Every structure is written in structure tokens, then in C-alpha cells.
Amino acid sequence: MSMQRILDLLNQRIGLDAESIGPETVATAVRRRMEDVGETGLTAFFLRIEGSDAELTRLVEEVVVCETWFFRDSEPFIHLMRFARDTWPKDRVFRVLSAPCSSGEEPYSIAMALLEAGLPAQDFAIDAVDISERALNKAELGVYTKNSFRREQLDFRDKYFSSQGKGFKVRDHVKSLVSFQPGNLALDFFESSAGPYDVVFCRNFLIYLDKDAKNRVAKELHRLLRPDGLLVVGHAEAAAMLAGPYTPVRHPRSFSFRPSNGATVMEFTTPNQPEPPPVDWDMTLLRQVRSRMTWARKATQAAFQEPRAVEAQEAPIAEVSAQGLAQCRGLADQGRLADALAACEELLEQDMMNTEGHHLAGVILHALGEEEAAERALSRAVYLDPHHQEALAQLALIRANAGDEVGARRYKDRADRALSRREGDVEVAR
Ligand SMILES: C[S@@+](CC[C@H](N)C(=O)[O-])C[C@H]1O[C@@H](n2cnc3c(N)ncnc32)[C@H](O)[C@@H]1O
């Protein structure tokens, strides 16, 4: 039996796209669990996890990425404070959902932000859900070490935490504002969940799901949100939301959406902006691209004569690029955006034709608030692959944030066409 059946099972049960973390990561987790339970055969281990929720949960604990910290990305919390101040209903409880919440840093940050925004504690409530029991136990305990405090400004720590040994314990009045519960967002959580919520934080989760699970979650979140509510996603997830019934909300470095009714609608409040900046290929860049193109042409010609020699030439570039991309993604996931960008630039110096590298650089630059540079990087990705759906959708988002309705609509239409084309390809392949 191959590892694929285990990957398929994880996909069915938690929506995991193994490619997002690397199938090797899953394989390592499987090996670790097999050692723990003294199982030597893959088939026996598969039957064990297939037949027991508890066993599967133990594997899931090893596979999920629980990386999180207080006030991660900062700006979404500032956006939340403004939104809460502007829309606080006063005659009912203001409700927020953090899904997934990992070990509690996100929902506690939400609680502190709302207190700072001036909402009385009895006027808001925060629900927080995650699949990982280990993470939820830590959240309930509320004791954190340095790793959870990655911001330079730590005034909030002095105000809302007390020292406990080498760690910091969240104070009881903040703790009481958050209700934690276990739940599988890819399977059955939404059946039992009670909306509607004024705000839903769903960040750094969709990136790990396959397309179907992503769509399902996006649809369910729409149902849980109040019609005038706010959905906040992670920077790498924002472009995907444009495929669903959401309208982007303009706030720099906060990737937020309002639900729109039924069909995908893009609404804007400011008049058109100038055309997006042209792709700024400088001369060095162009020379490098041309030399790579010449190299690629020669390699293609040679491929018909000496296939093995060409394979030997191509493999190192592809391998180095794949490793480089994985490293950039890893750094970005840890919130080390400047390091991720530097790694991306290094990768692109060696491999100028790397479409994914340009796309990733664009996403990171967008998260850093460098919208013009992000647009240039994404335009390069689209130049290299005119049907790059994610890059087109990200460009639509940037144009939308700039208030450029026409530009956004143009990119959005292209992204939709690229998606239909890709789905068509999948159908044909089946
Ligand atoms: C990277 S953390 C994100 C935490 C927080 N939202 C943030 O942005 O800092 C991803 C979390 O997703 C949780 N998770 C993964 N699959 C899940 C699922 N199917 N249902 C619920 N939670 C899941 C993991 O346990 C992990 O805690």
C-alpha cells in the first residue's frame, strides 16, 4: 500500500492538501506515529487510523501547523477595532469567531483589541475553534512563552498578562471573554455552529486545504456572517476569496471582506484610478530572461537529440527552485515576511523565469503593504503565465483596494476564465 491512501484519508477528513505542507512532512508524521504505536506495516497503520477517530486525531496532531502569535500581522486587529467602534450595535452582543484559533493567541488578541477599542466586556463574546486538542489545552491554560510575543511593542503584555515562571499568563478577565471548543472546520463544525457573527477571523488555514474544502469553508463562513459582517483572512488567502460571494473591504494590510448577496459582486466606493503600472523589466532583467529563453530553446532542441543530457541540465535548476520556494513559503508562514521576500529575490536571481517565485514575491509584497511593487511582481507572474489564476486574482484585489473598479473587474474576469480553463483541463484529464 502506498502513502497516497493516507494522504487521501487526511484529505477526506480534514481537507488537507498534502502539497501545501509537503507530502514528506506527512510521511515523517506517519513514521513517528507508527513508531509510537509499534506498527511496522503501512497497511496495518492505515486500517488503524481509518477505523479509529482517536488514532486519526493523534496523526492529525502531528500534521497540523499550529504556528501563531499575539497580534499576528497587527493591521487586522486595528481594522477590527475600527470596525467594532463603527458598527457596535449597543443593543445586543457583538460576536466574533476565531476559526481556527490554534493555541489561543488570535482570540485573546481579539479580546484585548476590543477592550482597547472601548467595548465593555459584557457587550462582546468571542468563540474560538480548532481541531487540535493539544493547541486548545494550551489556549485554556493561557500561559505563553516568548515565542508567542513576536511584536516589538509589548505594552499589551504588561497590561493583560501576569508573569508566571518564564512565561506570561493571560489575566482572568481577558480569558473569560473567549469560549474555546474543538471542531473540524472541514467536516462537521458548521453543522452545529451558531451564527451570526459580526466578525469572523479565518486566517492561515485555507492555505492548507484543497480546492473543494476551501470552497466549502468559504461558503459556510458566508452563512455564519451577518450580512453587514466582516471576514478577515490571511494575506495568502485573500485572492481565493474573490471566487466566492465576497466583496473586498479597503484597509491596508488587512485582507478583509464583506459578504455579498448570492453572486460574486465587486463594489467600489471611489472613482477609477489610472491604469496599473506596466511591467518594469529593466535591461539586466530582460537580458537574463532572453538568455534563459535562448537556453530554454536550445535545451528544447537538444531534447529531441539527447534527452538524457537535457534532463541532467534541467534537474538542478528545478530542484533548487522548488527548495527555494518551499523555504520562502516557510518563512512567510512564520510571519518573517522580510526574510521571505529576501529569499524570494535570491531565488529569482538564479531563476528569473520562475512564475511561482514572482507570484509569491507579489503576495508577500502585498502583505507588507508595498502595493506597487506587489503589482509589478504579480504582473511578471502573469507575463510568464497569462493564465495564472492566483496572480490574476491577487491583482484584482490590489486594484480593488486602490478603488480601480475597471482594472479590478478586468483582472477578476481573467482570473475567472483561468479558473474555468483549469477546471476544464482537470475534466479532460479525468
Ligand atoms: C497556522 S494555525 C492558524 C492560527 C491563527 N488563525 C493564526 O492565523 O495565527 C492553523 C490552525 O488550523 C488548525 N486546523 C487545521 N485543520 C483544521 C480543521 N480541519 N479544522 C479545524 N482546525 C484545523 C490547526 O490545528 C492549527 O491550529
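In this predicted model, a nitrogen atom of the ligand is placed 3.0 Å from a backbone N or O atom of Arg-203. A polar backbone atom of Leu-185 stands 2.8 Å from a nitrogen atom of the ligand, and for Asn-184 it is an N or O atom in the side chain that is found 2.9 Å from a ligand nitrogen. On its own the ligand has 600 Å² of accessible area, and the protein covers 98% of this area.

The shell around the ligand comprises 20 residues, among which Thr-68, Pro-100, Asp-130, Leu-185 and Asn-204 are the closest. When these shell residues are divided by class, nine are nonpolar, six are polar and five are charged.

The largest cavity holds about 450 Å³ of space, and its lining is made up of 28 residues, with Val-65, Pro-100, Asp-130, Asn-204 and Phe-205 closest to the centre. It is in this largest cavity that the ligand sits. The lining of the largest cavity consists, by class, of 16 nonpolar, six polar and six charged residues.

Another cis peptide bond, with omega of about -10°, joins Gly-195 and Pro-196, and Pro-196 is located in the loop between helix H11 (189-192) and strand S7 (197-202). A further backbone feature concerns Phe-71, a residue other than glycine, for which phi has a positive value near 50°; Phe-71 is placed in the loop that lies between helix H5 (53-63) and helix H6 (75-87).

By class, the lining of the largest pocket includes 22 nonpolar residues, together with 12 polar and 14 charged residues. At least two lining residues are supplied by each of helix H2 (18-21), helix H12 (211-224), helix H13 (238-241), helix H15 (307-333), helix H17 (355-367), helix H19 (389-401) and helix H20 (405-429). Helix H15 accounts for the largest share of the lining of the largest pocket, with seven residues.

Terms used: Residues numbered from 1 in each chain as written. Predicted model: local features only at pLDDT ≥ 70, side-chain atom pairs only at ≥ 80, totals over all residues. Heavy atoms only, no water. Near = heavy atom within 4 Å. Polar contact = N/O pair within 3.5 Å; in protein donor to acceptor, adjacent residues only side chain to side chain. Areas by Shrake-Rupley, 256 points an atom, 1.4 Å probe, with all protein chains shown as cover. 1 Å grid on protein atoms, 1.4 Å probe; cavity = no way out; pocket = protein on both sides within 12 Å on 5 of 7 lines; lining within 4 Å. Sits in = over half its atoms within 2 Å of the grid points. Nonpolar A, V, L, I, M, F, W, Y, C, P; charged D, E, K, R; others polar. Helix = DSSP H or I, 4+ residues; strand = E, 2+ residues; numbered from the N terminus. Points joined across faces, edges and corners; volume = space filled by probe spheres on them.
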